[in-house]
Amino acid sequence: MSSIAAVPAAPSGRRVLADVIARPSSRGRALAVDAALVLAGAAVVALLAQVEIPLWPVPITGQTLGVIIVGASLGAWRGAAALTTYMVLGLAGLPIFAGLTGSLAAIAKPSFGFVIGFIFAAFIAGWFAERAWDRRPALAFVGFAAASVVPFLFGIPYLAFVLNVTLGLELTFWQVLEAGLFPFIIGGLVKAGIAALIIPGAWALVRKVDASKKA
């Protein structure tokens, strides 16, 4: 039996890399597999969060790359669950945010809006992956670049609120963009490009292994 055929029937084009894993027949064990995948996804993001270039008020980190890879690998809902788990565990005090930090005080940081946005970015990356956009580098890049935009939709307003309302800095809209958007554009595109090589490459490996089993 091929590695993909071992997966229970699913809507056409909706399988993601995590679904290549042969799932247990019992519901309880299948849920345990999903829980393990979610925790593994949170761990990947936590690890890449420590790849950091210090920058005020928001550091450049590897988190976005982790968010895209986790979302695309696990699918929309499991990806979002992994990033929700990451956020909750960090707020609970585990040192998994950038700079090996983690506490409820992270809510007051200008960068925390991006952490919220990661949940939705993972969902979007997974949504594209479930529609097989992750099989080809060009399509994957488009989908992953779109997912990379999502954290800014949450992060920039949050950044502006913390800096202007909480800290009273009175930054203009342009200054907020200079602090929370412009330094990250090129890096975001690079991360989307890296993910657009990794995920389709993983699928190519799956197809190669599958073909060797059929031979």
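**Reading burial and helix packing**

A: Start with Gln63, which is buried, with a relative accessible area of 7%. The model is a predicted one. Gln63 sits in helix α2.

Q: What does the side chain of Gln63 make a polar contact with?
A: The partner is the side chain of Tyr86, at 2.6 Å.

Q: Which residues does Gln63 touch, leaving out those up to four places away in sequence?
A: Gln63 touches Val45, Leu48, Ala49, Tyr86, Ala98 and Phe118, when residues up to four places away in sequence are not counted.

Q: How are two packed helices described?
A: Two numbers are used: the angle between the axes and the distance between the axes. Here, helix α2 (residues 63–74) packs on helix α4 (residues 112–130) at an angle of about 45°, and their axes are 7 Å apart. That makes α2 oblique to α4.

Q: Is the crossing of α2 and α4 left-handed or right-handed?
A: The crossing of α2 and α4 is right-handed. On the α2 side the contact is made by Gln63, Thr64, Val67, Ile68, Gly71 and Ala72. On the α4 side it is made by Phe118, Ala121, Ala122, Ala125, Gly126 and Ala129. By class, the contact of α2 with α4 has eight nonpolar, four polar and no charged residues.

Q: At what angle do α3 and α4 pack?
A: The angle between α3 and α4 is about 160°, with their axes 7 Å apart. Angles over 145 degrees count as roughly antiparallel, so α3 is roughly antiparallel to α4. α3 passes α4 in a right-handed crossing.

Q: Which residues of α3 and α4 make the contact?
A: From α3 the contact has Ala76, Trp77, Gly79, Ala80, Leu83, Thr84, Tyr86, Met87 and Leu91. From α4 it has Phe112, Val115, Ile116, Phe118, Ile119, Ala122, Phe123, Gly126, Trp127 and Glu130. Sorted by class, the contact of α3 with α4 has 15 nonpolar, three polar and one charged residues. Note that Tyr86 of α3 is in this contact, and that the side chain of Tyr86 is also the polar partner of the Gln63 side chain. Phe118 of α4 is listed in the contact with α3 and in the contact with α2.

Q: How far apart are the axes of α5 and α7?
A: The axes of α5 and helix α7 (residues 185–214) are 8 Å apart, and the two pack at an angle of about 135°. That makes α5 oblique to α7. α5 passes α7 in a right-handed crossing. The contact is made by Pro137, Ala140, Phe141, Phe144, Ala145 and Ser148 of α5, and by Gly188, Leu189, Ala192, Gly193, Ala195, Ala196, Ile199 and Pro200 of α7. By class, the contact of α5 with α7 has 11 nonpolar, three polar and no charged residues.

Q: Where is Ala132, and what is its phi?
A: Ala132 is found in the loop between α4 and α5. Phi of Ala132 is near 65°, a positive value in a residue other than glycine. Ala132 is partly exposed, with a relative accessible area of 25%.

Q: What is the phi of Leu100?
A: Phi of Leu100 is near 55°, a positive value in a residue other than glycine. Leu100 lies in the loop between α3 and α4 and is exposed, with a relative accessible area of 56%.

Q: Which residues does Lys109 touch, leaving out those up to four places away in sequence?
A: With residues up to four places away in sequence not counted, Lys109 touches Thr101, Tyr158 and Val162. Lys109 is in the loop between α3 (76–91) and α4. Its relative accessible area is 37%, so Lys109 is partly exposed.

Technical notes: Residues are numbered from 1 along each chain as its sequence is written. This is a predicted model: local features need pLDDT of at least 70, side-chain atom pairs count only at pLDDT 80 or more; totals for chains, interfaces and linings use all residues. Side-chain values use heavy atoms; hydrogens and water are left out. Axes are lines fitted to C-alpha atoms, for helices over the stretch in contact, and angles run from 0 to 180 degrees between N-to-C directions. Helices (H or I, at least four residues) and strands (E, at least two) are DSSP runs, numbered from the N terminus. Angles under 35 degrees count as roughly parallel, over 145 as roughly antiparallel, 65 to 115 as roughly perpendicular and the rest as oblique. A crossing is left-handed if the near helix is turned anticlockwise from the far one by less than a right angle, and right-handed if clockwise. Contact means heavy atoms within 4.5 Å. Ala, Val, Leu, Ile, Met, Phe, Trp, Tyr, Cys and Pro count as nonpolar, Asp, Glu, Lys and Arg as charged, and the others, Gly among them, as polar. Buried means under 20% relative accessible area, exposed over 50%, partly exposed in between (1.4 Å probe, protein chains only). A polar contact is a pair of N or O atoms within 3.5 Å; within protein, one must be able to donate a hydrogen and the other to accept it, and residues adjacent in sequence count only if both atoms are side-chain atoms.
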